Amino acid sequence: MTIARLLPLHVHGALEIVVALVIMAAPFMLGFEPAAMIASVLLGALVLGVALATHVGDEGALPITTHAAFDVAFSIAMGAGAIVFAIAQDVPAAVFMAVAAVSLTLISSLTRYSPNHA
């Protein structure tokens, strides 16, 4: 096993759920501007929804390849959000979005996207 694919999919899902909850709670704890608050809660809810949809039952309601594509899209969206909120001078939101984008990218890059739970 290489370090590039260290995390099994079920661990990825658990980490993603935790990260999604943090993404949704952060605007209220860090005092984001209204636009950043809405974006953060919405993105957190989407990440949570994809994580839960993939890990429902044995086969899941969402294919693993689709989940992987969503992971990339969420990382890109968080990175774009960091840039937009930096331009809008909402520094706490920009920094948090950048950290969240890096976190999601790291989790995705370390995941072994296969249905095996072993």
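Tutor: Let us begin with Phe 74, which counts as buried because its relative accessibility is 7%. Buried means under 20% relative accessible area, exposed over 50%, and partly exposed in between (1.4 Å probe, protein chains only). This is a predicted model, in which local features need pLDDT of at least 70 and side-chain atom pairs count only at pLDDT 80 or more, while totals for chains, interfaces and linings use all residues. Residues are numbered from 1 along each chain as its sequence is written, and side-chain values use heavy atoms, with hydrogens and water left out.

Student: Is Phe 70 buried, exposed or partly exposed?

Tutor: Phe 70 counts as partly exposed, at 34% relative accessibility. Phe 70 and Phe 74 are 4 residues apart in helix α3 (residues 64-87), so about one helical turn separates them. Helices (H or I, at least four residues) and strands (E, at least two) are DSSP runs, numbered from the N terminus.

Student: How many aromatic pairs are there?

Tutor: Rings of Phe, Tyr and Trp (its six-membered ring) pair if their centres lie within 6.5 Å; planes under 30 degrees apart count as stacked, over 60 as edge-to-face and the rest as tilted. The count by this rule is 2 aromatic pairs. In one, the ring centres of Phe 32 and Phe 96 are 5.9 Å apart and the planes stand at 55 degrees, so this pair is tilted. Phe 32 lies in the loop between α1 (9-30) and α2 (34-54) and Phe 96 in helix α4, so the pair ties together parts 64 residues apart in sequence. Both Phe 32 and Phe 96 are buried. Phe 70 and Phe 74 form a stacked pair, 5.8 Å centre to centre with 15 degrees between the planes.
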